Structure formats: C-alpha cells, structure tokens
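Please read this briefing with the sequence and the structure side by side.

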Amino acid sequence: MIQTLAPAQSPVSKLKSRPASGPPRTGQPLYAELAGSLQSLIEQGTLRPGHRVPSVRLMARQRTVSIATVLQAYTVLENRGYLEARPQSGYYVRARPPCFCPEPRMARPMAKPSYVGVNDLTAEVMDLSVDANYIPFGAACPHHSLFPTKKLARLLGSVARRDHTILGRYSMNWAFEPLAREIARRYLQAGCPLPHDELVITVGCSEAINLSLRAVTKPGDTVAIETPAYFGFLETIQSLGLRALEIPTEPREGMSVPALREALAQNDVKAVMLMPAFHNPLGCLMSDDKKRRLYDVLCEFDLPAIEDDVYGDIHFGDVRPKPLKAWDHDGRVLLCSSFGKTLAPGFRVGWVAPGRYRERVRRLKFTNSLGTPAILQKTLAEFLRDGGYDHHLRTIRRAYHQQLHLFTQSMARHFPEGTRLSRPQGGNVVWVEFPVRIDTLKLHRDARKHRINTAPGALFSVKDRYRHCLRMSCGIPWSDEIDAALKILGDLAKAQLA
Ligand SMILES: Cc1ncc(COP(=O)(O)O)c(C=O)c1O
C-alpha cells in the first residue's frame, strides 16, 4: 500500500494553472460544481439508490454546459462511489451509502495553569503554508480565488488616484470613521449593537487579540482558553509571558460552562479567551443560551472575555450567529475580528470593540503600530458600502460549505477505520481524531515528503494532548488532486497501524 506512494510532483501545480479569478460562482471548475450539487442531491435523499440520473446529453442541455463537463462530473461521482455506469443504460445512484465517521470526544480538564512552550513546529507549518509547492492543509488560509481580488485591486487604485496624499500621511486615528460605521452597521444587523467609535481598527485579528490580552493581563497571569485551542492564541499567550488554563470544549457546542465555572472557582484566572462562532480547530458553534450562561459566569467572577469572531460571517445555517458581545451590558467583552477569512487576507485589516477597555487598547495600538494604513481602510469602507459584500459573503459561504462537505466525505473514505471527524457548522477547518496509535507528528513528517503540509494536534494544546489529532484546512477549492492528497494522508496513517 505505502510502497505505491511515489513522493509527489506537487498537485498544487495543477491548481496554479487555473485562472487567478476562478470561475464565476463557487471558484470551482464547472464539472466540480455539477458533481457537488448532484452529490448533495444524493446525500439529501432526493436522488435515491437505484435512481437513474439524467442522461449526459439531457444534463448538458439542462445545465447549459458541454457534454465533456457532464461526463467528467459523472466520472468524478463514479470514482467517489456515488454513481455507477451501466452499459447501454446510463448512470445510476449506487446502493452503498457514503462512509460515515463519528464525532471527536471532549478532552478532560487540565489540573493547573501552565506556561506555553515555544513550538518550532508552528513556524514550520506556517512557512510551508505559504510555499506554493505544498498542498496547504496546514494553515486555515482560504485560497485567493475565493476573494474578489480584482475588484479590490481596482478600488485600491481608484482610491489612491482620487487622493494620492493619503499615502503621504500617517493614519494615527483609531479608525477610519466610514469603515468603523460600516462594521458597526453589520453588527447591528447581527443583533449586536455597538457604537462605531468603540472600534479600534487593527492589523488583522491577530493584533486585535494581542492588544486585548495586553489590556486585561500582565505577565504571569492566567488566561482560560478552549481545548483544543487555535495555535495563534497559544503563541500570543507564550509571547506575553502568560499562563494558559485549558477548559474542555464540546465538539459541537464550544467551551463547557460548568467546567469553566469550576476552573474559575479553583484558579486565579484573569481573563477568558474563546471563539463561540465556528471555533478553530473544532468548527463548533455555541448556542445563544450557552452564551448567556457563560456571560453570567463572567459576571459572577467579574472577568473580561476576549472573543474571536473571525469566522462569524462564515455560517452554513441561515442566520449569522450573535457574538457573545451582544449580551455584554457592562463592557467586559473585547470583540475581535478581521476581513482575513471573508474578504482580503492580504489587507491585514481587523478590529476590536474593547468595551470598557477602550482607552487602554487605544494606547496599546499607538505603541504597537501607530495606526492601520488609511488607504486600506478607505478601500474596504467603499467595498462594504457598495461593492456587493453581502453577495460575496453568500458565495463564499456556499463555497466553504461545499468544500468542507467534499473534504469530509473524502477523509471518511480514505482515513483509517476508527477516525472521528468534527462537524463544522461554519468556517473552514475540520478536526480529525485518529485512532490513538497514530502519531500525527510522524504523519506530518511523512506527508512533507509528498509535499503535503498538515497541522498536527500537538500544536493545539499546552499539554501533549492531541498527538493522534490533526486539523485540516479546507480552504482550497476541491479538485481530484486534493482527493488524491487526502488518500495519500490516509494511506500514510494506515501504514502506522500496520
Ligand atoms: C481563529 C483565528 N483567529 C485569528 C486569526 C488571525 O486573523 P488575521 O489574519 O486577521 O490576523 C486566525 C487566522 O488563521 C484564526 O484562525
């Protein structure tokens, strides 16, 4: 099995040959879009086992695509086990249902707070994630074809032409007011009213989190975080000399409120850091009722919370979840986010609504980076005002949802028996729990030889908890090359069990 895996010529080379702007709707080739929509119909039970799907000619006419496109889509579905071709008769839905994996389990509580060690592996994973020769399963970076980069580039040029002096001035304000108003307006629509002048525009969500942590803690303090935790949080906690206390997190509903309460009663915690909307790496969503209970616990212990809402707009359900901040009546929640996952990762523009910590955060922003480039803020403000942001968000949500679905189905087919997969309700990452004998550090090293980058579980905890886990980024448009890379990963994992 493993001997058949020739260290690959990068499958990314084929990805790169696509036009930079991508096809119009989901950023995928037409055949992949067609295959994806048929697959959904099969999974939803609209097309049942034994049903004959429309003939290639009829489907081509119905969808106004070429016969070759339909044939390619049907072949993909045949390879995935959804369709079978019957000679002289056509394509039929196969009887065998697609594979299914159970969900990951919740980790046990951590006894004591702990300083975070420096992890060279984080730097390695991040370096490889920007290396075009590697399949980027490691970093939660969406593919550039998912963003309206041409439109943004035109707007950026136009802003610079209309007011070139913008490049010759410092932007020492806390926020370019029209952008702050647009962001505040969107939160109002999401059921979270906040005054636009509370916002501090930052260099990405990363700076927002960094400033927030510094505003509410000092070195040596303890911060309660989810487990598994986004490795960016752990790196920031480490760099500020803080200690982390990992709170068990339910794979569907986020941080456990009883476990948090118990941990706060037993430890001197100074802040809680969490991602209620589409947690990285679990993808879970906290219910409104749970957010309300969590907020009550914050009030009981008089603690601030740093809320990372960077995935809030990438919801697969109909409604954008309300941030925890919506329950905040006394300014203890510092809400952090950015356009990094939704619109323009390259702009590095984010924000924090720091509540009662506004003055402290402003001062820290001043010493950290003076301001955030005005030209970028102005361009984004104009895009949000009349660039079709809502339309774009709908497109990107559909694309992420479909990609996640295809990744999950492929992992369920290729990964070893006993593998558990999270069920993200938004965002673009999946948490994989392999059978405990699988060492994902070794898997990472083996996969590198095939030019595949992964994020091993060890990155997501202060303790050595997740050696058999992996976070998979599903931000790259689906293709047969991705499927092949997932099969390689699965075969490498199975080889460890052999
Ligand atoms: C959960 C989470 N928060 C924050 C960030 C950083 O966001 P930004 O790129 O806006 O700094 C990331 C990036 O991957 C992330 O996954």
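Leaving aside residues up to four places away in sequence, Gly 191 touches Lys 322 and Ala 326. The model is predicted. Gly 191 sits in the loop that runs between α7 (177-189) and β5 (200-203). With 13 other C-beta atoms within 10 Å, Gly 191 is partly exposed, because a residue needs 20 or more such atoms to count as buried and 12 or fewer to count as exposed. From Gly 191 to Leu 443 there are 252 residues in sequence and 43 Å in space, C-alpha to C-alpha.

- The ligand is surrounded by 14 residues, and the closest are Gly 204, Cys 205, Ser 206, Ser 338 and Gly 340.
- By type, the shell around the ligand has six nonpolar residues, seven polar and one charged.
- Helix α8 (residues 204-216) gives the largest share of this shell, three residues.
- In α8, 13 of the 13 residues are buried, so the helix is largely enclosed by the rest of the structure.
- The length of α8 can be checked: at 1.5 Å a residue its 13 residues should span 18 Å, and the end C-alpha atoms are 19 Å apart, which agrees.

**Helix α11**

- Helix α11 (residues 288-300) has 13 residues, which at 1.5 Å a residue should span 18 Å; the end C-alpha atoms are 18 Å apart, in agreement.
- The buried residues in α11 are Lys 291, Leu 294, Tyr 295 and Leu 298.
- These residues lie on the same side of α11, because they cover an arc of only 105° around the axis.
- The packing partners of the buried residues of α11 are β8 (254-255), α10 (257-266), β9 (269-274) and β10 (305-308).
- On the face of α11 turned away from the buried side are the exposed residues Asp 289, Asp 296 and Glu 300.

**Backbone exceptions**

- Most residues other than glycine have a negative phi, and most peptide bonds are trans.
- Phe 278 is not a glycine, yet has a positive phi of about 55°.
- Phe 278 is placed in the loop between β9 and α11, and counts as buried because it has 29 C-beta neighbours inside 10 Å.
- Another cis peptide bond runs from Thr 227 to Pro 228, with omega near 0°.
- Pro 228 belongs to the loop between β6 (222-227) and α9 (231-239).
- Arg 451 has a positive phi of about 55°, although it is not a glycine.
- The loop between α15 (440-448) and β15 (452-453) holds Arg 451, which is buried, with 20 other C-beta atoms within 10 Å.

**Domains**

- The protein is divided into domain 1 (12-93) and domain 2 (150-388).
- Taken over C-alpha atoms, the centres of domain 1 and domain 2 are separated by 40 Å.

Note on methods. Residues numbered from 1 in each chain as written. Predicted model: local features only at pLDDT ≥ 70, side-chain atom pairs only at ≥ 80, totals over all residues. Near = placed C-beta within 6 Å. Helix = DSSP H or I, 4+ residues; strand = E, 2+ residues; numbered from the N terminus. Nonpolar A, V, L, I, M, F, W, Y, C, P; charged D, E, K, R; others polar. Domains from an automatic or database assignment. Expected span 1.5 Å × (residues − 1). Arc of directions from axis to C-beta. Contact = placed C-beta atoms within 7 Å.
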